[in-house]
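Me: I'd like to walk through this structure with you, one question at a time. Shall we take a look together?

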Amino acid sequence: MKASQYNFIFNDIIENTDKTVLYNSRTGALAVLEPEYYKQFCELTNNGLAINNDTYLKNLIECGYIVEDNMNEKAYVKVNLLKNRFESSNLMLTIAPTMACNFRCVYCFEKDQYHNKTMSQETAQSIVNFVKTNASKLDTLNVTWYGGEPLIAMKQIVRISEDFLEICKENNIQYTASVITNGYLLNKEKVQTLISCGVNDIQVTVDGPKEVHDLRRPLVSGRGTFDVIMNNLKQIKGMIKIFMRINTDQDNWLNLHEIVGFLKENSLLENVIPYLGLVTPTNGKYEGTKCLTDEMYSKFNLKFMSENDIPISYIYPAPKGNYCSADKYNSFVIDPLGHLYKCWSDIGIIEQCVGNINEDTSVNWNTELLGCYLLYDPTEDEKCSDCKYLPVCLGGCPHNRMADFNICEQYRYNLQEYITECTKVLLAGQLTENKKEVSESC
């Protein structure tokens with residue numbers, strides 16, 4: 001047996017103790033070792049001495065801290081990536097029924113794509129037909145309603161959802177759906193309709209307290225939007241799971257704790273899960289100097305979550321099967337005209353279109369662009385191949401890589417701080433056994 005190449009060992013992160021913390025990026029295992037157990041681990045991995053405690057040895061093997069001498073772990077990561085990237089039993093569709101939007105956010109990468117068209121019945125039927133054609137091969141169908149502002153096109157959402165639900169029922173397909181919305185139109189009636197359409201959760205974006213948010217995310221008229229969004233959240237409290245994305249850059253990062261305070265004061269935090277989203281100069285639509293560096297964001301994100309008692313498990317450095325929906329074979333973003341994209345940051349940019357749902361999708365593909373998203377192999381990339389963070393990063397964001405932006409994940413900059421916080425939670429008994437990425441402490 002030998003030590004895994006993806007082990008991280010921390011000897012000094014638990015205060016007033018001589019315990020050792022082990023983390024493995026390939027398996028996601030996290031363990032706290034007493035000194036005697038760590039000594040045995042070192043004797044095994046450094047000197048080849050046997051461990052006589054069968055239970056402990058079994059745990060080390062199952063958690064991936066030690067592997068067989070002939071195991072090629074990087075090959076395992078590659079095989080796992082290819083399996084997840086090209087499996088076809090799960091179809092993921094991000095659908096923008098309209099690119100129209102009632103907001104004019106300062107950083108929006110879709111500014112040049114705004115138009116008032118909504119998806120035609122022909123395009124909607126083409127999407128339904130696409131799902132129906134592939135239904136016999138599917139175990140799951142996952143849909144995200146996107147935009148523009150998708151709630152402007154509720155009729156299209158309802159019509160397509162009804163057909164999806166019927167197809168899934170007939171073919172025993174598990175159906176899940178979510179909505180990404182600015183929250184301005186998210187009243188009780190619409191939420192009830194969305195629930196009947198199979199929607200499981202909703203993401204709403206709020207950029208901080210009222211005075212900050214209203215400057216960054218106003219209506220087309222310039223009027224503020226914070227009060228309406230918050231009143232909507234109060235109205236739909238407890239009806240459906242809400243994730244609150246808080247877009248973060250150098251213009252607002254000092255005020256973000258205030259929104260969590262607002263949620264607490266209004267008894268919304270038990271139903272709303274806030275998290276930070278890094279604003280990036282996507283497609284050159286936002287001034288890059290206003291954006292936080294990945295290293296700054298990484299440190300601030302952890303600080304924000306720790307100080308506001310947001311469950312650390314949401315940002316646990318778990319291994320990935322593939323990076324995101326963009327580098328997954330059976331995943332597409334569809335705009336109102338039926339154009340197909342791999343990444344939602346590309347939506348509306350025709351040069352980044354890989355096909356059209358209204359055409360014969362068996363032949364009319366932009367294979368060169370598809371290859372850029374689907375054929376990249378981080379295990380062969382000289383920057384990534386031998387990196388210990390590879391299993392939790394897999395080469396980073398495909399869109400950023402193709403745009404020559406930084407691709408390293410936030411954990412690279414302060415993994416020890418993340419593991420320290422996760423260890424505190426583990427020792428407090430708040431990380432449960434059913435979380436795949438966490439192992440029992442030894």
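This is a predicted model: local features need pLDDT of at least 70, side-chain atom pairs count only at pLDDT 80 or more; totals for chains, interfaces and linings use all residues.

Me: Is Asn7 buried or exposed, and at what relative accessibility?
Reply: Asn7 belongs to strand S2, residues 7-10. The cut-off for buried is under 20% relative accessible area. Asn7 falls within that class, so the answer is buried, at 6%.

Me: Which residue caps the N-terminal end of helix H2?
Reply: Helix H2 covers residues 54-62, and a side-chain oxygen lies 3.1 Å from the backbone nitrogen of Thr55. Just after H2, Gly64 has a positive phi of about 85°. The cap at the N-terminal end of H2 is Asn53.

Me: How many residues apart in sequence are the parts that Phe86 and Tyr329 tie together?
Reply: The whole structure has 15 aromatic pairs. In one of them, Phe86 and Tyr329 are tilted, at 6.2 Å centre to centre with 45° between the planes. Phe86 is in helix H3 and Tyr329 is in the loop between helix H10 and strand S12, so the parts tied together are apart by 243 residues.

Me: How many residues apart are Arg85 and Asp327?
Reply: Their side chains meet in a salt bridge, 3.4 Å from N to O. Arg85 is buried, with a relative accessible area of 2%, and Asp327 is buried as well, with 2%. Arg85 is in helix H3 and Asp327 in the loop between H10 and S12, which puts them apart by 242 residues.

Me: Which residue of helix H3 is linked to Arg26?
Reply: The search of the whole structure finds 16 salt bridges. One of them joins Arg26 to a partner at 2.9 Å, N to O; that partner is Glu73. Arg26 lies in the loop between strands S3 and S4, 47 residues away from its partner in H3. Both residues are buried, and the residue you asked about is Glu73.

Me: Which residue forms a salt bridge with Asp249?
Reply: Asp249 lies in the loop between S10 and H9, and its partner is in helix H7, so the pair ties together parts that are 33 residues apart in sequence. The closest N and O atoms are 3.0 Å apart, and the partner is Arg216.

Me: How far is Asp251 from Arg216 in space, C-alpha to C-alpha?
Reply: Asp251 is in the loop between strand S10 and helix H9. It is partly exposed, with a relative accessible area of 46%. Asp251 and Arg216 are 35 residues apart in sequence, and their C-alpha separation is 9.5 Å.

Definitions and conventions: Residues are numbered from 1 along each chain as its sequence is written. Side-chain values use heavy atoms; hydrogens and water are left out. Rings of Phe, Tyr and Trp (its six-membered ring) pair if their centres lie within 6.5 Å; planes under 30 degrees apart count as stacked, over 60 as edge-to-face and the rest as tilted. Helices (H or I, at least four residues) and strands (E, at least two) are DSSP runs, numbered from the N terminus. Buried means under 20% relative accessible area, exposed over 50%, partly exposed in between (1.4 Å probe, protein chains only). A polar contact is a pair of N or O atoms within 3.5 Å; within protein, one must be able to donate a hydrogen and the other to accept it, and residues adjacent in sequence count only if both atoms are side-chain atoms. A salt bridge is a side-chain nitrogen of Lys or Arg within 4 Å of a carboxyl oxygen of Asp or Glu.
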